[in-house]
Amino acid sequence: MKRVFPILGLLTAVLLSYALYEALVAAPTEQTMGNVQRIFYYHVPSAWTAFLLFFINFVCSIQYLVRPNPVADKLTNWTVIAIAIAACIAAFVIRPLPEGMEPSSVATTGLAIAGLYFLIKKCFSQTRTDALAVVTAEVGVVFCTVVLVTGPLWARPVWGIWWTWDVRLTSTLVLWLIYISYLMLRRFSTSGQTPVLAAALAVFGALDVPLVYFSIWIFRTQHPQPVIGGGGSIDPRMLHVLLINWLAFLFFAGLVCWSRYRLEILQREVEETQALEAMLEPRSRR
Amino acid sequence: MSKSSAVPSGVTAATLAKDLRLEWRSKDALNSMLFFSLLVVVVFSFSFDPNAEESRQIAGGLVWVAFLFAAVVALNQTWARELRNHVLDAYRVSPAPANSLFMAKALGNFVFVVVLEVLMTPLFIMFYKLRALGPAWQLIPVAALGTWALVVNGTFFAAISLRTRSREIMLPLLLFPVSIPALLAMVNATTAILTGELSAKFWIVLLTTYDVVFTIACLLLFELVLNAE
């Protein structure tokens with residue numbers, strides 16, 4: 001495993017520089033926005049990566065809570081399988097699907113959720129899921145911050161305003177706030193069972209996200225705002241650059257998560273050893 | 001399953017009665033909540049000095065922000081009160097279901113905040129010259145659902161923040177981000193009713209959904225949080 005890490009690091013560096021070249025030089029210049037649009041190749045991949053990391057955090061938190069209890073564990077397994085099956089059936093039965101959704105993408109998403117759930121379950125023990133949850137929350141907050149910084153930078157020249165209380169902007173901001181409070185809880189907790197408290201908060205945060213999105217969606221449709229995006233199709237060359245950038249960002253996020261995860265595991269081992277030594281010391285003196 | 005049943009039991013009634021009696025005799029939480037929201041009313045009316053039309057637009061936000069901040073006072077002392085003489089440890093080892101305790105605490109906080117709202121509403125109406133142009137009776141379900149949304153999560157997060165350093169500051173930091181959709185719904189429903197321009201129905205539905213989702217989540221997870229020492 002130790003040899004894989006530098007190889008992955010090198011690969012990430014190469015990918016990131018290639019993606020940078022593609023985004024700044026190779027990608028066609030956008031007609032109306034000009035070069036400002038190129039920030040899109042950093043903004044969107046960061047957003048996707050942050051959401052993926054937050055989702056992994058949610059899965060880890062659920063698993064941390066349910067796995068000690070066999071009944072709850074089994075129930076959650078079946079719920080996940082049911083979600084995947086329901087998504088597959090709904091994708092090809094419900095007509096018409098909401099705008100912008102393809103049947104195949106809905107089915108794939110359902111299967112991907114179940115796949116991710118069972119992959120994490122297979123690869124990480126119950127205590128390790130907590131370490132993974134910390135790591136993904138931290139790295140996710142970093143990527144989410146990138147999204148929230150690059151967004152206004154782009155919006156100022158294009159919309160003429162730094163910020164608008166649009167659905168996506170507000171939901172991302174609330175998500176960011178929730179995960180900041182998650183990290184603060186972990187930092188300030190004095191309990192020996194911080195993971196349980198943090199996992200409970202993460203579940204609350206995840207339940208909150210759809211409600212936030214839905215409430216602001218209605219709030220904003222009642223009060224129209226500058227139209228955003230326009231929903232038009234994207235140039236295939238731009239999509240290509242975007243996907244390469246996302247791949248590079250995913251590698252980068254994976255690399256950072258991995259090293260942070262190793263650090264977290266080492267830290268825990270050190271703490272455990274110290275606690276053990278403290279327990280044994282009085283006896284050895286006797 | 002009996003240990004995690006959500007049915008109100010003797011434990012709920014006993015704990016609730018105890019909390020209400022304690023509050024009735026000391027009036028700690030209620031007095032500080034009342035004085036705090038009174039200050040908010042006065043300070044805001046100085047800084048805005050609105051006429052009747054403007055105040056209809058801003059009153060929804062103002063009222064709920066005042067109640068939210070005031071509710072934190074009551075929520076903070078919910079569990080802190082039980083730390084003295086290790087009462088919480090006694091709860092933990094007793095066979096009493098954890099959820100009965102949670103429901104008692106949440107209902108207690110609900111009563112405190114409702115009393116606060118009943119006492120403060122006339123003042124708000126006086127100072128801000130409020131008169132609802134929409135169906136005023138709808139304010140009652142909005143207030144009830146909104147208050148429950150605040151206290152059910154607040155009681156849960158107060159139990160979490162009990163295990164942190166500087167717990168009094170931690171509670172709002174945990175509670176406010178998760179409460180954003182509820183707060184948005186309360187404020188918009190109130191504004192819709194006061195101005196009478198839009199229907200508040202959607203926001204009431206959203207508040208109900210929020211209440212149901214988070215009440216279930218609290219009841220499912222509370223036992224774990226209570227036992228996390």
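Okay, a quick definition before anything else: two residues are in contact here if their C-beta atoms, placed from the backbone, lie within 7 Å. And keep in mind that this is a predicted model.

With that in hand, let's start where the chains touch. Chain A puts 28 residues into the contact, and chain B puts in 28 residues too. On the chain A side, the elements giving two or more residues are helix H6 (167-188) and helix H7 (194-222). H7(A) has the largest share, with 15 residues. Sorted by class, that side of chain A has 18 nonpolar, nine polar and one charged residues.

Now let's go inside chain B. Among the residues meeting here are B:Gly146, B:Ala149 and B:Phe157 from H6(B), and B:Leu174, B:Val178 and B:Ala182 from H7(B). The contact divides into 16 nonpolar, six polar and one charged.

Last pair, also in chain B. Helix H2, residues 28-48, and helix H5, residues 98-128, pack at about 25°, with axes 10 Å apart. Under 35 degrees counts as roughly parallel, so H2(B) is roughly parallel to H5(B). The crossing is right-handed. So who meets whom? From H2(B) we have, including others, B:Met33, B:Leu34 and B:Val41, and from H5(B), among them, B:Leu116, B:Leu119 and B:Phe124. By class, this contact has 15 nonpolar, two polar and no charged residues.

Note on methods:
Residues are numbered from 1 along each chain as its sequence is written. Chains are lettered from A and ligands numbered from 1 in the order in which they are written. This is a predicted model: local features need pLDDT of at least 70, side-chain atom pairs count only at pLDDT 80 or more; totals for chains, interfaces and linings use all residues. Axes are lines fitted to C-alpha atoms, for helices over the stretch in contact, and angles run from 0 to 180 degrees between N-to-C directions. Helices (H or I, at least four residues) and strands (E, at least two) are DSSP runs, numbered from the N terminus. Angles under 35 degrees count as roughly parallel, over 145 as roughly antiparallel, 65 to 115 as roughly perpendicular and the rest as oblique. A crossing is left-handed if the near helix is turned anticlockwise from the far one by less than a right angle, and right-handed if clockwise. Ala, Val, Leu, Ile, Met, Phe, Trp, Tyr, Cys and Pro count as nonpolar, Asp, Glu, Lys and Arg as charged, and the others, Gly among them, as polar.
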